[in-house]
Amino acid sequence: MEYGCIGEKLTHSFSKEIHALLFDYDYKIKEISKDKLCEFMTEKDFKAINVTIPYKQDVIPYLDWISDTAKAIGAVNTIVNRNGKLYGYNTDFSGMTALIKRQGIEIKNKIVLVLGSGGTSKTAVAVANILGARRVIRVSRTAKEDCITYEEAYNNFADAEVIINTTPCGMYPNIIGEPINLDGFPKIEAVVDAIYNPLSSNLVIKAKDKGINATGGLYMLVAQAAVAAELFIDTTVSEEKIYDVYKKIVATKRNIVLAGMPSCGKSTIGKRLAKELNMQFIDTDEKIVKLAGKPISQIFEDLGEDGFRDIESQAIVTVAAKQNCIIATGGGAVLREQNVTLLKGNGTIYFIDRPLELLITTNDRPLSSNRDDLIKRYNERYDIYCNTADRKIKNDGEIKSVIDAIKEDFLK
Ligand code: S3P
């Protein structure tokens, strides 16, 4: 391997794609188990590498030289092999600084909670300190020397103003949940999550719902990769180039999520969109039938609506983690808050707003098999569709205009 990224589990990594957009060197992703790290580092069979979880501290003893920033942080994410000597840097530091700046987050004089105790948390602490935070407190699940526990954070630092998450809680493939409950911190102004897969973790989505300035970590990832590339091949990368690569990566990850009443056109619109945008089409109802091994009407008969919703939520966890897909959801999928939070992780939710008089009843839809039920559901749900969606698209005329409206919004 000439250039690449090492880590223990790298299924979530976007680094290969990012480096391919930055420069044309061959960048490989290499998973290394803990017992093989020593062999890899002593063989030095690479020109330059990035290092990720959990090896950012473990690689340090193998280095011949380490930058001041990396030394201060105690974590290395970039190693350059110059004539057999290994030079260690921390470009996460530049990446996180760039992310906070681009997001317009004010750190000066703020109380900052940094969640996690791994290598990235040390980077976050260093960045927050450099940017003039009033206090920086590390929070960890287990009691450690320079960390407080979550319980202590809730009890003693409820006045925190910024949260930076560096834990993997909420990261693909375990995308459910968040490391901290924002309700306990009423003064929070900004949330930064180093997680970039999904694009917005549950923590980021919940923060945005509260009107908090919140961002996932993709821009940080791209910016740190750009600084790494500068070191790899002794070049410079402009801020415009970093933003351009970031936008390109986002464009290949985002999902279109279609929500709305049964028979509003989700599947028809979804299939056509998938074709036109060259994205995969997924129908959550089909996933549910597969999971349960029986038709929807039978699931309702055997398990009732709650039982159906449980299976639906299971299906949505899997589907929401996908990228570059068109997802048609069942009419009731957005009734559960958790489903919505998950679907927003990679997706923009479009409410297909078809007027009641144009909706039709069908026998295979237990909750809207007759007109009265359909009207009842419509009235119960209309506001929920509006409140959970990112956009509302009217579907009362030509289907082409609906498709064009979604495409225009999604691609802008
Ligand atoms: C439901 C809608 C159906 C299906 C199930 C429940 C609902 O999906 O998930 O019958 O609660 O409205 P469609 O909206 O695709 O018909």
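**Entry 1**

I looked up Asn 255 and found it opposite Gly 347 in β16. The model is a predicted one, in which local features need pLDDT of at least 70, side-chain atom pairs count only at pLDDT 80 or more, and totals for chains, interfaces and linings use all residues. I number residues from 1 along each chain as its sequence is written, and side-chain values use heavy atoms, with hydrogens and water left out.

Strand β13 covers residues 255-259 and β16 covers residues 347-353; the two run parallel and are joined by five bridges. I count two strands as paired if DSSP finds at least two bridges between them. Helices (H or I, at least four residues) and strands (E, at least two) are DSSP runs, numbered from the N terminus.

**Entry 2: the sheet**

I then traced the sheet, which is open, has five strands and pairs in parallel, in the order β14-β15-β13-β16-β17. Its edge strands, β14 (280-283) and β17 (391-394), each pair on one side only. Neighbouring strands of this sheet are turned by 25° against each other on average, direction ignored.

Helix α14 (residues 371-388) lies across β16 and β17, at about 145° to β16. Contact here means heavy atoms within 4.5 Å. Axes are lines fitted to C-alpha atoms, for helices over the stretch in contact, and angles run from 0 to 180 degrees between N-to-C directions.

**Entry 3: domains**

I took the bounds from the domain assignment: domain 1 (3-90 + 222-250), domain 2 (94-216) and domain 3 (254-410). Such bounds come from an automatic or database domain assignment. The C-alpha centres of domain 1 and domain 3 are 41 Å apart.

**Entry 4: salt bridges**

I found 23 salt bridges in the structure, each defined as a side-chain nitrogen of Lys or Arg within 4 Å of a carboxyl oxygen of Asp or Glu. For accessibility I use buried for under 20% relative accessible area, exposed for over 50% and partly exposed in between (1.4 Å probe, protein chains only).

Asp 26 and Lys 28 meet at 2.6 Å, N to O. Asp 26 is partly exposed at 42%, and Lys 28 is partly exposed at 40%.

Arg 138 pairs with Asp 146, with the closest N and O atoms 3.0 Å apart. Arg 138 is buried at 9%, whereas Asp 146 is exposed at 51%.

Glu 276 forms a salt bridge with Lys 407, the closest N and O atoms being 2.6 Å apart. Glu 276 sits in helix α10 (residues 266-277) and Lys 407 in helix α15 (residues 399-411), so this pair ties together parts 131 residues apart in sequence. Glu 276 is partly exposed, at 40%. I also noted that Glu 305, Arg 309 and Glu 312 form one network through salt bridges that share partners.
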